[in-house]
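Let's take a walk through the charged pairs in this one. Have a look at the structure first, and then we'll go through them together.

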Amino acid sequence: MADLLDKLPLPAFLKPADTGGHYGVIGDFDTPEALLRAIRTARTAGYTKFEAYTPFPIHGIDDAMGEPRSPLGRIVVVCALLGLSGAVLLQWWTGAVDYPIIIAGKPLFAIEPSIPIIFELGVLLSAFGTVFGMLALNKLPTYYHPAFNFSKWAGASNDRFLLAIEAIDPKFNPDEIKVLMDSLGSRCTELVEA
Amino acid sequence: MAHTHQDSALSRDSYILKPELWQRVRNTLAFAALVGWIALGAGFALNRDQFHFSYLVAFAFCISITLGALFYVQVQHLTGSAWSVTVRRLMETLMRTIPAGLILFIPIAFGIHTVYEWSHASAASDPILQQKAAFLNSTGFIVRGFIVLALWSIWAVRLYSLSRKQDASGSLEFTRSSEKWSAPGVLILFLSASLASFDWIMSLDPHWWSTMFGVYFLAGGAVAFMAVLIAVCLGLRSAGYLSDAINEEHYHDLGKWLFALTVFWAYVTFSQYMLIWYGNLPEEGIWYHRRMVGSWSGFMPLMIIGHFIIPFVTLMPRSSKRNLKMLGFFSGWMLVMHYLDLYWQVMPVLHKTGVAFHWIDLAALVALVSTFGLVFWSGLRERPLVPVGDPRLEQCLGFHNA
């Protein structure tokens, strides 16, 4: 059946996904500590593609998951430099090139009075870079996510701490993961559809 | 002592300095003070003009740092900060050195006639200085000086003793009381420190004025205070104290403050400069003109690059704020810059043609820093280095930067 579907000229979303149609296995933990322990154990066991869903930020979770530092800072620096140099160009070009006019005996272009605009444009573009960069890195807005299919999903925004090991993980084996999560204290472990 | 034992599992530190260590540092400071004051006495005998100007720079340097401490302690109370609890006692001990200023102000009172143009006989025939004479006169200067120092001393002693009382009882009542003192305290501090900076430094050029000057003075003092705080924490750490209580997370926040205050200093300084540049009026530009004569002209680029651009760029990444060697280097760097900033504000009045460093500058700096240092160090004798009774101490020990 799968072979037949592959041969048909269907759009990609009608074909069975490489992941076997599953998002992954999600476990449901009682406390942040239990979640952190589960994450560390899963990493030790060799899993690499996992995600945690919690109602509030948990100190140390980035370290536990081995998450690298966010590249947002670098994005913001680039935006800031663009803002600074853009402000210099804007003021130099409008004041000294496009419409040169002497006001109160001041130079057509000087760095001293240009600094407030340089500062403000640097801040403005940094703020844009921060907000939109954050949204882009978080893949927001996302209207649908397969993790929503987990039966206890609502707990992730209330008092439960979820750990998902995703189907794209090279070591993905739902039965082994279920045993692992149950042994770590998961109250409800499910194989979740994509 | 009731507080030598540790309640917390988060910290294995000892909060009381060993008497031998305390004495060793005390002796070093006392020796520096002795040498400094003898040299300063010789300077007074040899070169009265240089003595008073050097003393003014050193006094402004020290007192601005203690004002930074007074400001920060009150801000921690007003914001109910938890991150800063383990460094707050060191802030408070720095703040508690302010009353020493009441005595150390005396040489400045005696130097009025040497230092300030408005006290000279020629001021009587200067129509502008005549109009300002109701404010700029020796009696007013001395009275105002002692009033502002007394005000700061009252707040410093009060806030320190509240915090010390909490060590024993741990009662929340002292936290509330500190908050109540801090709200008017910050307001009074800004107004009185502005007044002090107008009197002590701005009136060196009595024709000139800048409403930004008080903030300039306090911003510089706040940067230097943060640098001193970091240096003290690192010093205690290298002696084996507070390495858990003030860990990488706390240093990260101190580094953020050092960075932020550097930016604030630059913002304030530039705000003053740009308006004067744009107005281009002789009576306003004269202050900068006087400070750009001869080799003084090198100071402004030095301040822009050394007091702002280098620390701004270097301290911006998270990794450098968490690098204790980097923080230690920049705490020393910013202190040098703050001294040079004040030097540049004061000395062109004496050395009109160019920079002329003098050994009395160094003697005054050593004498005053070691004297304030002794008062500071006496506050750490057999007393806990952190506010052990503070209700937020546990939270601070477990503090983590997101």
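**Salt bridges, buried and otherwise**

Glu92(B) is buried, at 0% relative accessibility; here buried means under 20% relative accessible area, exposed over 50%, and partly exposed in between, with a 1.4 Å probe and protein chains only. The model is predicted, so local features need pLDDT of at least 70 and side-chain atom pairs count only at pLDDT 80 or more, while totals for chains, interfaces and linings use all residues. Residues are numbered from 1 along each chain as its sequence is written, chains are lettered from A and ligands numbered from 1 in the order in which they are written, and side-chain values use heavy atoms, leaving out hydrogens and water.

Who is the salt-bridge partner of Glu92(B)? That's Arg89(B), with the closest N and O atoms 3.0 Å apart (the rule: a side-chain nitrogen of Lys or Arg within 4 Å of a carboxyl oxygen of Asp or Glu). Arg89(B) is buried as well, at 1%. Both sit in helix α3 (residues 85–95) of chain B, three residues apart, about one turn of the helix; helices are DSSP runs of H or I, at least four residues, and strands are E runs of at least two, numbered from the N terminus.

Helix α8 (residues 138–169) of chain B holds Arg164(B) and Asp167(B), also three residues apart. They form a salt bridge at 3.1 Å between the closest N and O atoms. Asp167(B) is buried at 4%, whereas Arg164(B) is partly exposed at 27%. These two pairs belong to a salt-bridge network that also includes Arg88(B) and Asp390(B).
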